[in-house]
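Subject: A structure for you to look at

Hello,

Here is the structure I promised to pass on to you. Please open it beside this email and follow along as you read.

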Amino acid sequence: MLACSSVHCFREDKMKFTIVFAGLLGVFLAPALADYNINVNDDNNNAGSGQQSVSVNNEHNVANVDNDNGWNSWNSIWDYGNGFAATRLFQKKICIVHKMNKEVLPSIQSLDALVKEKKLQGKGPGGPPPKGLMYSVNPKKVDDLSKLGVNIANMCRGIPTHMAEEMQGASLLFYSEKCFTTNILWIVNISFCGEKVEY
């Protein structure tokens, strides 16, 4: 058996401790900073919702929802850091940006927990009814995307982008015929109304 000096043995023990500590730190820290993804396939696709996937990025405080339904596909980004959300409607070739209603939309922590626990997987119309939001789309285009944050600016760059205001009360009846509705994971239905999204 080799004898080691106390200084040499101390260095080896310190090195082993550092390696073990770094490994444990990586194991416990990685889930907190990672992206979580979930795919939701609507096999009973009566309303034409297609397949959805959601990604939650805790590091950038952003959630991304993709709805793959052919020509009716759309992509939505919820930027919890700046309080704005944007939805890109592929058929209409436009981007619609609105302030996030934090009383209706789930917090990023709640959404992240649902995704991690896969509680959205296989859920559908059998659960509680989704909350609903309705927005009036301003026909005027947004000139400066940078004020909406880097995530939204990157998604909407090169596409006509419009702001939308949440509607409440009697004004909801006025737009009932001219709306595009996104059903987001059976949590919330968001309708965008106005001539830019009319079908």
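This is a predicted model: local features need pLDDT of at least 70, side-chain atom pairs count only at pLDDT 80 or more; totals for chains, interfaces and linings use all residues.

Let's begin with D79, which you will find in strand 4, a stretch covering residues 74-79. D79 is buried but makes no salt bridge. How far away is the nearest side chain of opposite charge? That side chain belongs to K102, and the distance is 8.9 Å. The side chain of D79 does have a polar atom 3.1 Å from the backbone nitrogen of G81. Leaving aside residues up to four places away in sequence, D79 touches N61, V62, F84, M100, N151 and I152.

One of those contacts, F84, takes us to strand 5, which spans residues 84-89. Strand 5 runs antiparallel to strand 6, and six bridges join the two.

Now for strand 6 itself, residues 94-99: is it mostly covered or mostly open? Mostly covered, as five of its six residues are buried. Strand 6 also pairs with strand 8 (residues 161-166), this time in the parallel sense, over four bridges. There, H98 has A164 in strand 8 as its bridge partner.

Enjoy exploring!

Best wishes

Key:
Residues are numbered from 1 along each chain as its sequence is written. Side-chain values use heavy atoms; hydrogens and water are left out. Buried means under 20% relative accessible area, exposed over 50%, partly exposed in between (1.4 Å probe, protein chains only). Lys and Arg count as positive and Asp and Glu as negative; His and the chain ends are not counted. A salt bridge is a side-chain nitrogen of Lys or Arg within 4 Å of a carboxyl oxygen of Asp or Glu. A polar contact is a pair of N or O atoms within 3.5 Å; within protein, one must be able to donate a hydrogen and the other to accept it, and residues adjacent in sequence count only if both atoms are side-chain atoms. Contact means heavy atoms within 4.5 Å. Two strands pair if DSSP finds at least two bridges between them.
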